[in-house]
Structure formats: structure tokens, C-alpha cells
Amino acid sequence: MNNKEIQNLIKFVAKSGVAEVKLKSGEFAISIKNVPEQIVSSAPAPVVQQPVVAQAPQAVAAPATEAKAEEAPKEAAEDANYITIKSPMIGTFYRRPSPDKDLFVNVGDSVQQGDVVCIIEAMKLFNEIESEVSGKIVKVLVDDATPVEYDQPLFLVDPA
């Protein structure tokens with residue numbers, strides 16, 4: 001099995017809700033466990049009520065809030081024109097093949113379909129993540145060496 005087939009199998013197991021899948025073919029064997037997230041709480045958190053202090057409304061705060069509200073739809077509209085490269089698995093996101101090497105891609109770089117854009121390390125396996133589209137990298141959405149979730153957006157690509 002190659003990395004792409006393993007990634008597809010991990011995606012399938014995550015979506016299917018199956019607890020565990022074991023696959024053996026000749027000398028190759030793989031076991032994928034889908035562990036549901038559990039919230040552990042030993043005692044309920046205490047509720048502390050803060051005294052409420054009434055303040056006079058401020059006229060200056062309203063225009064600033066309206067300006068921010070206008071910027072959010074503009075950003076969303078701009079991002080709608082871009083294609084998102086998402087994480088195919090849970091793991092740690094790396095922008096370079098090793099600490100002493102250059103980044104795979106920077107903002108403004110052109111990528112072709114199949115180009116490696118990052119690595120996601122999962123269970124001591126370093127999986128190269130390839131671009132599924134051709135275009136220009138517009139935004140990197142994840143910091144280097146941080147954990148990522150399945151289907152989490154990693155990059156925005158302008159296909160134009």
C-alpha cells in the first residue's frame with residue numbers, strides 16, 4: 001500500500017464510525033483504531049457570578065463594530081474564490097521536510113497538482129501532502145509544528 005491508499009483508508013475509517021480496522025496482505029499489516037473523543041470531568045466547574053455594573057452606552061464603539069462586521073463578509077467573499085487544501089488526517093503539520101531544509105511552499109508560490117505542500121506526521125510516519133489543485137498559494141492557515149485535525153484547512157490556493 002502506498003501513502004495515498006493509507007490516507008484514503010484512514011479517511012474511510014474516520015467517516016464510517018467503525019471502531020477498528022485491521023488489514024493484512026502478505027507481509028504488510030495495518031491496524032487503524034478510531035477512538036472517539038471523550039470529555040473527562042471529575043467534578044462540575046463552580047459557577048462564579050460577577051457583579052453587573054451598568055455603563056452608559058458609548059457612541060464610539062458602534063461604528064467600530066459596524067466596520068468589523070463589514071470586513072468579515074468581504075474576507076469571506078474573497079476566501080470563497082479560493083480553493084482550500086485540507087488535512088487528510090490527524091497529526092502534526094510541518095512546512096518543511098526537516099529543520100535545516102527550505103519550506104515546501106510560501107505565500108505567493110505557484111503549485112501544480114501533485115506538488116508536495118507540507119508533511120503531516122502521524123504515529124511516527126511522515127506523510128507528504130500533495131496539492132490537489134494548480135494555482136498560487138494565497139494563505140497558510142496553520143503554524144509550523146502544530147497539531148491538525150482531519151479535514152482542517154491548511155492552505156488557500158487561488159486557482160486563477
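Biologist: How many aromatic pairs does a search of the whole structure find?

Modeller: Two. Rings of Phe, Tyr and Trp (its six-membered ring) pair if their centres lie within 6.5 Å; planes under 30 degrees apart are stacked, over 60 edge-to-face, and the rest tilted. Keep in mind that this is a predicted model, where local features need pLDDT of at least 70, side-chain atom pairs count only at pLDDT 80 or more, and totals for chains, interfaces and linings use all residues. Residues are numbered from 1 along each chain as its sequence is written, and side-chain values use heavy atoms, leaving out hydrogens and water.

Biologist: OK, what do F93 and F155 form?

Modeller: A tilted aromatic pair, 5.9 Å centre to centre with 55 degrees between the planes. F93 sits in strand 4 (residues 91-94) and F155 in strand 10 (residues 153-158), so the pair links parts of the chain 62 residues apart. Strands are DSSP runs of E, at least two residues, and helices are runs of H or I, at least four, numbered from the N terminus.

Biologist: Are F93 and F155 buried or exposed?

Modeller: Both are buried, meaning under 20% relative accessible area; exposed is over 50%, and partly exposed is in between (1.4 Å probe, protein chains only).

Biologist: And which residue pairs with Y94?

Modeller: F126, also tilted, at 6.4 Å and 40 degrees. Y94 is in strand 4 and F126 in strand 7 (residues 125-130). F126 is exposed at 52%, while Y94 is partly exposed at 26%.

Biologist: New topic: where is N3?

Modeller: N3 is in helix 1 (residues 3-16). Its C-alpha is 9.7 Å from that of L125, though they're 122 residues apart in sequence.
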